[in-house]
Structures are given as structure tokens and as C-alpha cells.
Amino acid sequence: MRFFISTPIYYVNAKPHLGHAYTTIVADSLNRFHRALGHETFFVTGTDEHGDKIVKAAAKAGQTPREYVDEISALFSNLWPELGIEPTAFIRTTDPAHIACVQEMLSRVHAQGDIYFDEYGGHYCYGCERFYTEKELENGLCPQHQVAPEYIKESNYFFRMSRYQGWLAEHIRQNRDFIRPERYRNEVLSLLESGALEDLCISRPKSRLSWGVELPFDRDYVCYVWFDALLNYVTALGWPDGEGFKNFWPVAQHLVAKDILKPHAVFWPTMLKAAGLEPYQHLNVHGYWLVRDTKMSKSLGNVVEPLALKNTYGLGAFRYFLLREMHFGHDAGFSEEALEARFDADLANDLGNLFNRVLAMTHKYFGGEVPEPGGAAEQGEIVAELRTLALDAVRNYVTLFERVEFSKALEALWELVRGLNRFIDQSAPWAL
Ligand code: MSP
């Protein structure tokens with residue numbers, strides 16, 4: 001069996017924070033989980049380095065885009081090992097191999113007639129690096145950044161995304177867990193069913209932006225950053241001819257937060273379809289970490305430093321908290337008090353206490369040697385129940401973790417932890 005997981009490739013316009021760490025820790029945990037089951041796995045993460053946003057951030061830092069992206073990308077790649085994250089590949093969109101693949105893909109989609117040239121005027125949000133339609137704006141503002149977009153009119157290349165609207169809606173209907181959890185699947189389906197899907201503007205004139213991948217069929221333009229970035233998922237596997245692509249693409253799963261649902265659920269599968277590639281297997285979508293009810297984000301200035309938390313609470317406890325506290329798909333509030341509460345209740349009290357009692361008794365009554373288990377008859381009903389509890393806990397854990405329901409999976413394991421504590425209380429070995 002094989003397993004492939006990706007995280008978004010993060011923009012290098014700011015340092016990594018807890019939000020980025022969360023997605024990457026989840027991906028790493030899934031990767032470890034599948035490896036533990038004996039599967040051959042591939043886990044890719046990386047950085048998204050082209051586009052207006054990056055040019056602006058570099059200028060602000062007084063650096064060239066190249067200097068700037070090298071510096072910030074390294075903050076991400078250096079942080080991951082400190083958080084116990086071990087990706088198979090770390091991809092940068094400025095890697096020459098990635099650029100060559102993006103150009104190859106553009107040539108293919110262009111050659112088969114799915115890219116055309118047209119004039120266009122639209123509301124452009126620099127934060128999102130995308131055009132918004134009138135309908136998508138909230139009181140004239142970008143719904144993500146709450147800032148007024150700029151009206152831009154220019155000639156550009158367009159990807160005929162609208163051609164694949166019917167196919168995509170049908171694919172989502174036929175494959176229940178193509179996008180999961182279900183609330184996001186429904187969101188995408190209603191978007192596709194609510195009206196005509198627009199075509200996607202996939203170029204920027206070099207006169208306005210030169211920091212990007214040059215279009216192979218027009219040197220006056222660079223590729224739109226999202227078209228470039230999404231392709232990382234296949235270029236990391238050595239598409240078109242790489243073994244990795246053949247082996248892992250059929251089992252590809254992506255992990256993203258809901259902020260980038262549309263590019264992953266609509267742009268990406270239609271791009272794949274146009275290029276004659278199979279769609280990915282699952283898009284796993286999570287909610288936001290909130291701080292006092294607002295999304296944690298660098299632009300709002302309320303970010304939490306993952307390394308500081310790791311240093312205070314330890315890596316295992318920090319990772320446990322992230323997986324246990326957020327119900328995958330929903331938003332979760334972050335606070336250090338919540339982390340401390342989990343630490344005390346689940347780890348120190350339930351799990352720590354269990355270990356402590358078992359180790360202490362093993363030393364006290366058995367000279368530090370683990371005794372052979374007794375026969376079923378001798379152990380009685382209570383042990384038979386415990387055995388069932390253990391088998392159920394493991395089975396439920398595996399099923400739920402695979403379905404990206406991490407908090408429920410951990411709850412299932414804690415059924416066993418609590419059951420074992422109850423068993424010790426009930427059998428009171430110190431009184432036997
Ligand atoms: N570069 C694009 C992604 C391109 S993928 C082909 C991008 N980058 S980003 O730096 O803005 O990262 C967004 C992702 O970071 C989210 O989808 C999520 O994985 C993670 N998060 C950032 N803030 C977060 C929260 N407050 N809560 C949860 N996840 C967060 O978008």
C-alpha cells in the first residue's frame with residue numbers, strides 16, 4: 001500500500017506560525033501513521049515564492065526577491081525538524097525543476113486549446129493574489145482580508161475552467177469523500193450548482209509583475225501564482241515521467257485549511273482534467289485556529305510561536321494538543337490555558353498516572369520484570385472486558401485516524417487509558 005500527503009506550500013511573506021505548524025504536524029502525523037502500518041509513503045511540503053505579495057514583502061524588507069525568498073523559505077525548512085516533522089521532499093516554486101514542469105504543463109494545456117487571450121477588468125486582492133467577482137465581495141471588500149480590492153483592467157491569458165464545471169460537479173457527487181469533511185464538499189457543490197463557473201485568469205503582464213514563471217508561449221507574461229503553486233503537488237513527484245508520480249499520484253491526498261478551499265477544490269481538479277491527469281483522491285480541509293474568536297494570522301498580528309510552546313510543554317505534548325483539541329473541519333480556539341488543561345487532564349492525570357502506577361507496581365511486586373499474563377480462566381470477566389476494550393480502542397483509533405478524525409481517534413485511545421485506570425482502581429492490587 002502507498003500513501004501520499006501534501007500540505008499547502010506556504011507564502012514566504014512572513015515567518016511560520018502556529019497555523020502553518022498545525023497543518024504540517026497533521027501531515028507528518030498521518031505520514032508516520034501510514035508508515036507504522038507498513039505503507040510506502042511520500043510527504044511533501046514547501047514554500048510558494050512567486051507573485052505580487054512576495055515582491056512587496058521583499059521591497060519592504062529592503063531585499064531583492066531572491067535574497068528575501070531564500071531567507072524566509074529557510075525559516076520554514078529549518079523549523080520543521082525542530083517540531084519533529086520529517087517531509088520526504090521540501091519543494092520551492094523557485095526550484096528550476098519545478099519551473100520547467102510548470103512551463104511543460106502550460107504548453108500542454110495551451111496546445112490543446114484550453115488557454116485563450118482576452119481583455120479583462122476585475123477586483124484584485126493582493127493578499128489573496130486573485131480576482132474577485134462583484135458577487136464574491138462583502139460590502140465591496142475582500143472577504144478574507146477585509147480590504148478594498150484594486151480594480152485592474154488588462155489583457156491576459158485565461159484557462160477555460162468553465163468547460164469542466166459539469167465534470168467536476170459530477171465527480172464530487174460520485175465520490176462522497178473526494179472533499180472531506182462533508183461541510184466543505186457541500187460548500188463546493190453549492191458553489192458549482194449556483195451559477196456559471198468563470199474562466200481563470202492565469203497570467204500577469206511582466207510590465208506589472210516579473211517575479212514569476214515565464215509563459216512558454218508569450219515572453220511578455222508570467223504565470224499566475226496559483227497556477228504555478230498548485231502544480232507543486234505533481235512536480236514534487238517528478239511529473240511527467242518520474243517514478244514517484246506513477247507510484248504516488250493515484251493515492252494523492254491534500255491537506256489545507258478552508259481559506260484555500262476554492263483553489264484546491266475547483267482550480268486544481270479542473271487543471272488536472274485539462275492536462276489529462278487523474279484527480280487527486282482526497283482533499284482534507286480543516287478549520288482555523290482562532291485567538292479570541294478571530295483567525296490567527298500574520299496580517300492580524302495575533303500569531304502564536306510554535307517553538308516557544310514546544311520549549312515550554314515538550315514536543316509530544318504540543319503535538320498531542322493540536323491533534324486532540326481541534327475537531328478536524330471545525331475552527332478551534334487557541335489559548336495556553338486550553339493547552340495546560342489538556343496537559344493536566346489527559347497527559348499528566350490519565351496517561352501519566354497510568355504509567356506511573358503500572359511502573360511502580362511492576363517494581364514493587366515483580367522486581368521490575370514484566371510478569372507473564374495469566375490464563376483467561378484465572379483472570380476472570382474483568383480482564384476479558386479489558387481485552388475487548390483494548391482491541392476496540394486500537395481498531396477505532398486506526399479507522400478514525402485514517403479518516404482524518406484525529407480528535408475522535410485520540411478519544412478512542414483514551415477509552416483504553418481510562419479503562420486501565422479504572423481496572424487498577426477496581427482490582428486494587430495494593431490490597432490483594
Ligand atoms: N501559498 C498559498 C498556498 C498554495 S498551495 C498550492 C497559501 N499560503 S499561506 O502561507 O497563506 O498558507 C495558508 C495555509 O496555512 C492554510 O491553508 C493552513 O494550512 C495554514 N494556516 C494559516 N493560518 C492558519 C490558521 N489560523 N488556522 C489553521 N491553519 C492556518 O495560502
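Which residues of helix H2 (residues 52-60) are buried? In this predicted model, they are Asp52, Lys53, Ile54, Ala57 and Ala58, where buried means under 20% relative accessible area, exposed over 50%, and partly exposed in between (1.4 Å probe, protein chains only). The buried residues of H2 pack against strand S1 (2-11), strand S2 (40-48), helix H3 (65-82) and strand S4 (115-125), and H2 is followed by glycine 62, whose phi is positive, near 70°. Contact here means heavy atoms within 4.5 Å, while helices (H or I, at least four residues) and strands (E, at least two) are DSSP runs numbered from the N terminus.

Residues are numbered from 1 along each chain as its sequence is written. Because the model is predicted, local features need pLDDT of at least 70 and side-chain atom pairs count only at pLDDT 80 or more, whereas totals for chains, interfaces and linings use all residues, and side-chain values use heavy atoms, with hydrogens and water left out.

**The chain as a whole**

The chain contains 15 helices and 16 strands, and its C-alpha trace spans about 85 × 45 × 40 Å along the principal axes. Of its 432 residues, 51% are buried, and 75% of the contacts with a separation of 6 or more are between residues 24 or more positions apart. The accessible surface, from the Shrake-Rupley method with a 1.4 Å probe, comes to about 19800 Å², with 52% of it belonging to carbon and sulfur atoms.

**Pocket and cavity**

On a 1 Å grid over the protein atoms alone, a cavity is a set of points where a 1.4 Å probe fits but cannot get out, and a pocket is an open set with protein on both sides within 12 Å along at least five of seven lines; lining residues have an atom within 4 Å of a point. Grid points are joined across faces, edges and corners, and a volume is the space filled by probe spheres set on the points. The count comes to 1 cavity of 30 Å³ or more.

| Space | Volume | Largest share of the lining |
|---|---|---|
| Second largest pocket | about 1200 Å³ | H13, 9 residues |
| Largest cavity | about 140 Å³ | S5, 3 residues |

Of the 29 residues lining the second largest pocket, the closest to its centre are Val358, Phe366, Pro371, Leu386 and Phe423, and the elements giving two or more residues to this lining are helix H13 (336-366), helix H14 (376-402) and helix H15 (406-427). The largest cavity is lined by 15 residues, with Phe131, Glu198, Asp199, Leu200 and Cys201 nearest its centre; strand S5 (130-132), strand S8 (200-201) and helix H10 (261-274) each supply at least two residues of that lining.

**Covered positions**

Asparagine 421 is found in helix H15 and is buried, with a relative accessible area of 9%. Leaving aside neighbours within four places in sequence, asparagine 421 is in contact with Asp350, Asn353, Leu354 and Arg357.

Tyrosine 221, in strand S11 (residues 218-223), is likewise buried, with a relative accessible area of 10%. Not counting residues up to four places away in sequence, tyrosine 221 touches residues including Phe117, Tyr157, Arg204, Lys206 and Leu215.

Helix H12 (residues 315-325) is mostly covered, with 9 of its 11 residues buried; among them are Phe318, Tyr320 and Phe321, together with the charged residues Arg319, Arg324 and Glu325.
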